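Please look over the sequence and the model shown below before reading on. The explanation is meant for a reader who meets this structure for the first time.

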Amino acid sequence: MKRKLVFATNNAHKLDEVREVVKDNFEILSLKDIGCYEDIAEPGETLQENALIKARYVKEKYGYDSFGDDTGLEVEALDGAPGVYSARYAGEGHDAKANMKKLLENLKGIENRKACFRSVIALILDGKEYLFEGRIDGAIIEEEKGSAGFGYDPIFMPDGYNETFAELGMDVKNNISHRALAVKKLCEFLKGI
C-alpha cells in the first residue's frame with residue numbers, strides 16, 4: 001500500500017510536477033483532496049520558513065503527514081531578488097506576466113544575468129521535520145520564449161541548455177528543475193525509511 005502524503009499547495013502546476021517525479025512511489029494528496037480550501041499565508045522571510053509554515057499548517061489542522069515547498073528565483077545582479085517574494089514580485093496578485101515584466105525592467109542594461117531557482121521542501125513525518133533543497137543555475141534572457149511551464153519559465157535558461165524552461169517542455173524540466181531535484185531528495189529519503 002502506498003504511503004499517503006499531503007502536498008501543501010493549491011498550485012496545480014506544482015502538484016502535477018511533483019506527482020510526475022514521484023510516480024508510483026507515493027500517493028500525493030492535494031489540499032483540495034483533504035478538504036483544505038484555505039490559502040495558507042507565507043509570511044516567512046526565507047524559503048525554509050515558508051515551506052515549514054505550510055507543512056505545519058496541514059499537520060496541525062488536518063493531522064496528515066505533509067510537505068510544503070517554497071521556491072524562489074534569485075538573480076545575482078539584484079542581490080538575490082525576487083527570492084522569497086518571487087510569486088508576488090509585482091504585487092499580491094501572483095501575476096506571472098507582471099512578475100516577468102518587472103524583472104526584465106529591473107535588469108534592463110545590466111550585463112550580469114546570472115540567476116538560480118531554489119526550491120526548499122519541508123517534510124513533517126512521524127513528528128519530525130526535514131528539509132530538502134534543489135537548485136538549478138542559469139540566466140535570465142531578455143524576452144519571453146516558449147509556452148510550456150509557468151511562472152518565470154519563459155525567461156529562465158538553465159546552464160547547459162540553449163532553451164528556456166518554457167521551451168524545453170515538462171519532460172525535460174521535470175528531470176532537471178530545482179523542484180525535481182528537491183523532490184528526488186525527498187523521495188530518496190522516504191525510500192530509506
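The paragraphs below go from the chain as a whole to single residues.

The model is a predicted one. Its chain holds five helices and seven strands. Read from the N terminus, these elements follow one another in the order β-α-β-α-β-β-α-β-β-β-α-α. The chain has a radius of gyration of 16 Å, close to the 16 Å that the globule rule gives for 193 residues, so the chain is as compact as a globular protein of that length. Along the principal axes, the C-alpha atoms fill a box of roughly 50 × 30 × 25 Å.

The next matter is how the chain is packed and what its surface consists of. Of the 193 residues, 48% are buried. Among contacts with a separation of 6 or more, 55% are between residues 24 or more positions apart. The accessible surface of the chain amounts to about 9,800 Å², and carbon and sulfur atoms account for 47% of that surface. As for charge, the chain carries 27 positive and 35 negative side chains. The centres of these two sets are 3 Å apart.

Cysteines deserve a separate word. How many disulfides does the chain contain? A disulfide is counted where two cysteine sulfur atoms lie within 2.5 Å, and by this rule the count is zero. Cys116 has a relative accessibility of 4%, and because buried means under 20%, Cys116 counts as buried. Cys187, at 5% relative accessibility, is likewise counted as buried.

Attention now turns to the backbone. Most residues other than glycine have a negative phi, and most peptide bonds are trans. Against this background, several places in the chain stand out. The peptide bond that joins Ala81 and Pro82 is cis, with omega at about 0°. Pro82 belongs to strand E4, which covers residues 82–83.

The phi of His94 is near 55°, a positive value in a residue other than glycine. Is His94 buried, partly exposed or exposed? Its relative accessibility is 47%, so His94 counts as partly exposed. Arg88 lies in the loop between E4 and H3 as well. With a relative accessible area of 16%, Arg88 is buried. When neighbours within four places in sequence are left aside, Arg88 is in contact with Glu42 and Asn99.

A further positive phi occurs at Asp126, where the angle is near 50°. Asp126 sits in the loop between strand E5 (114–125) and strand E6 (128–140). Its relative accessible area is 56%, and since exposed means over 50%, Asp126 is exposed.

Tyr37 counts as exposed, at 60% relative accessibility. How far apart in space are Tyr37 and Asp171? From C-alpha to C-alpha the distance is 29 Å, and in sequence the two are 134 residues apart.

Conventions: Residues are numbered from 1 along each chain as its sequence is written. This is a predicted model: local features need pLDDT of at least 70, side-chain atom pairs count only at pLDDT 80 or more; totals for chains, interfaces and linings use all residues. Side-chain values use heavy atoms; hydrogens and water are left out. Buried means under 20% relative accessible area, exposed over 50%, partly exposed in between (1.4 Å probe, protein chains only). Helices (H or I, at least four residues) and strands (E, at least two) are DSSP runs, numbered from the N terminus. The radius of gyration is taken over C-alpha atoms; the globule rule is 2.2 Å times the number of residues to the power 0.38. Contact means heavy atoms within 4.5 Å. Accessible areas come from the Shrake-Rupley method with a 1.4 Å probe; for residues, only the protein chains shown count as cover. Lys and Arg count as positive and Asp and Glu as negative; His and the chain ends are not counted. The place of a charge is taken as NZ of Lys, CZ of Arg, CG of Asp or CD of Glu.
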